[in-house]
Amino acid sequence: MEGITVEVKPGMMVWSEVLGANVEVLRVYKSTATVRVWGRGLAEGKLMTFRGQRLDSLHPKREQQG
């Protein structure tokens with residue numbers, strides 16, 4: 001996904017290189033975003049929020065496999 005950039009805005013679903021999953025963008029501040037992720041080893045119905053995700057590591061949403 002190198003070279004593909006997306007304008008990141010709150011409420012968007014995007015792919016996170018760091019987390020290896022689609023995430024929801026909650027806030028954008030300068031060059032980072034706060035994102036929320038679910039699934040991927042979390043208990044059923046549980047969410048985690050991560051701060052400081054670099055905008056250049058976020059890409060257009062991917063279709064989930066499986």
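Is asparagine 22 buried or exposed? Asparagine 22 counts as buried, because its relative accessibility is 6%; buried means under 20% relative accessible area, exposed over 50%, and partly exposed in between, with a 1.4 Å probe and protein chains only. This is a predicted model, in which local features need pLDDT of at least 70 and side-chain atom pairs count only at pLDDT 80 or more, while totals for chains, interfaces and linings use all residues. Residues are numbered from 1 along each chain as its sequence is written, and side-chain values use heavy atoms, with hydrogens and water left out.

Read from the N terminus, the order of elements is β-β-β-β-β. Of the 66 residues in the chain, 24% are buried.

Strand S1 covers residues 13-16 and pairs with S2 in the antiparallel sense over 4 bridges. Two strands pair if DSSP finds at least two bridges between them. Within this pairing, serine 16 stands opposite alanine 21 of S2. The hairpin of S1 and S2 has 4 residues between the strands, and there glycine 20 takes a positive phi near 65°. S1 is also joined to strand S5 (residues 58-60) by 3 bridges, and these two strands run antiparallel. Valine 14 has proline 60 in S5 as its bridge partner.

Asparagine 22, the residue of the opening question, has its place in strand S2. Its side chain reaches the backbone oxygen of arginine 62 at 2.5 Å. This is a polar contact, meaning a pair of N or O atoms within 3.5 Å; within protein, one must be able to donate a hydrogen and the other to accept it, and residues adjacent in sequence count only if both atoms are side-chain atoms.

The nonpolar side chains come next. In soluble globular proteins, nonpolar side chains tend to be buried together. The largest nonpolar core here holds 9 residues: Val8, Val14, Ala21, Val23, Val25, Ala33, Val35, Val37 and Leu58. Strand S2 (21-29) and strand S3 (32-38) each supply at least two residues of this core. A nonpolar core is a set of buried Ala, Val, Leu, Ile, Met, Phe, Trp, Tyr and Cys residues joined through side-chain atoms within 4.5 Å. Leaving aside residues up to four places away in sequence, leucine 58 touches Val6, Val8, Val14, Trp15, Ser16, Val23, Ala33 and Gln53, a contact being heavy atoms within 4.5 Å. Across the chain, 34% of the contacts between residues at least 6 apart in sequence join residues at least 24 apart.

The loop between S2 and S3 contains lysine 30. Lysine 30 counts as exposed because its relative accessibility is 69%. Its phi is near 55°, a positive value in a residue other than glycine. Most residues other than glycine have a negative phi, and most peptide bonds are trans. Lysine 30 and leucine 55 are 25 residues apart in sequence, and their C-alpha atoms are 8.9 Å apart in space.

Charged pairs complete the picture. The count comes to 3 salt bridges, each a side-chain nitrogen of Lys or Arg within 4 Å of a carboxyl oxygen of Asp or Glu. Arginine 36 and glutamate 24 meet in one of them, at 2.9 Å from N to O. Arginine 36 lies in strand S3 and glutamate 24 in strand S2, so this pair ties together parts that are 12 residues apart in sequence. Arginine 36 is partly exposed, with a relative accessible area of 24%.

Lysine 9 forms a salt bridge with glutamate 7, and their closest N and O atoms are 4.0 Å apart. Lysine 9 is partly exposed at 43%, whereas glutamate 7 is exposed at 60%. Aspartate 56 and arginine 54 also meet through their side chains, at 2.3 Å from N to O. Here aspartate 56 counts as partly exposed at 48% relative accessibility, and arginine 54 is exposed at 51%.
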